[in-house]
Amino acid sequence: MLTDVLLRVLLIVQQLLQENKHGSKRDIYYMHPSVFSDQSVVDQAINDICILLQCSRHNLNVVSVGNGLVMGWLRFLEAGRKFDCMNCPSNVHLIPVHVDEVKGYFEFLEAVFQRLANDRFCNANRCIVITGRGYPDIPTRRFLRLLLEKLALPVYCLVDCDPYGFDILTTYCFGSMQMAYDAKFLRVPEIRWLGAFPSDFEKYGLPQQCLLPLTPEDKRRTETMLLRCYLQREVPQWRLELESMLLRGVKFEIEALTAHSLSFLSEQYIPSKILAPKTSSMSRFSGFSPAGSFQSK
């Protein structure tokens, strides 16, 4: 039965590649619903094929609908259609599923996307802003990886100061545990963590009411993440921040920064983080240097 499923999925993938078409896992399921019986059967078969061939789902022309959004100084082609974000950098576009070509420049920021759009952040700073709207899906991660490979962009990440925010950060940097086989095609090890850090609460004088206690589930998740071997080996500074959050027993959202003003995030917090010395920010590599593009006009 399992062999029959695998062969049928392989034949569908072969057809997609030969005809230069793209299909979703859901499309594949509905081609033989009586044989596959459940969507999870197709999902597992696709994973097995990727592991067997040592490739990404994108190489099989199996795609998923993206949830991510992008705005800023870039142009890209999707299925022959041109998208020119530079005409109005604060306009929001869906992350493309399969990109033919991409042109643009400067850096990436993740989170509080709407606040930055309202502040016309991209117009003022000539940058590219992406949000995965929570945990990033494959199209969002692949698009970010493509920007890095094609344009050699410095990459920054901004997430909430809580266990879920940290997990989102590590998903961009190292990949997800569920798709470890695909990590080398999707991860962005050059990513630099801008915040929010536990120490930012005191540093930026946020009101006490902005702090939220870590729940028992938050603590369990944090303790589990601290066991990940790559944290100590590759990003020890990140691990120290995670330990600090657990020790403090509190968390806060990026939106807490609006306690100062609505535009505090875009006008003061982010620029101060990017222009900060490497020792006071969370660059993964000691030799990494930010572009300083916020000075570009």
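Two strands count as paired here if DSSP finds at least two bridges between them. Keep that in mind for this predicted model, where a three-stranded open sheet runs in the order E4-E1-E6 with antiparallel pairing. The other thing to look at is the aromatic rings: a search of the whole structure turns up eight aromatic pairs.

**The sheet and its helix**

- Strands E4 (93-94) and E6 (128-131) sit at the edges, each pairing on one side only.
- E1 (residues 69-72) and E6 run antiparallel to each other, joined over four bridges.
- Within that pairing, Val70 stands opposite Ile130 in E6.
- Helix H7 (residues 138-151) packs on the sheet and touches E1 and E6, with its direction at about 160° to that of E6.

**Aromatic pairs**

- Phe201 and Phe252 have ring centres 6.2 Å apart and planes at 50°, so this pair is tilted.
- Phe201 belongs to helix H10 (residues 200-203), while Phe252 is in the loop between strand E10 (250-251) and helix H14 (264-274), so the pair ties together parts 51 residues apart in sequence.
- Both of these Phe residues, Phe201 and Phe252, are buried.
- Tyr204 and Tyr269 make a tilted pair too, at 5.0 Å centre to centre and 55° between the planes.
- Tyr204 is in the loop between H10 and strand E9 (212-213) and Tyr269 is in helix H14, so this pair links parts 65 residues apart in sequence.
- Tyr204 has 14% relative accessibility and so counts as buried; Tyr269 is buried as well, with a relative accessible area of 1%.

**A ring cluster**

- Phe166, Phe174, Trp193, Phe197, Tyr230 and Trp238 are linked into a cluster by ring pairs.

Conventions:
Residues numbered from 1 in each chain as written. Predicted model: local features only at pLDDT ≥ 70, side-chain atom pairs only at ≥ 80, totals over all residues. Heavy atoms only, no water. Helix = DSSP H or I, 4+ residues; strand = E, 2+ residues; numbered from the N terminus. Contact = heavy atoms within 4.5 Å. Axes fitted to C-alpha atoms, helices over the stretch in contact; angles between N-to-C directions. Phe/Tyr/Trp six-rings, centres within 6.5 Å; stacked < 30°, edge-to-face > 60°. Buried < 20%, exposed > 50% of the residue type's maximum accessible area, 1.4 Å probe, protein only.
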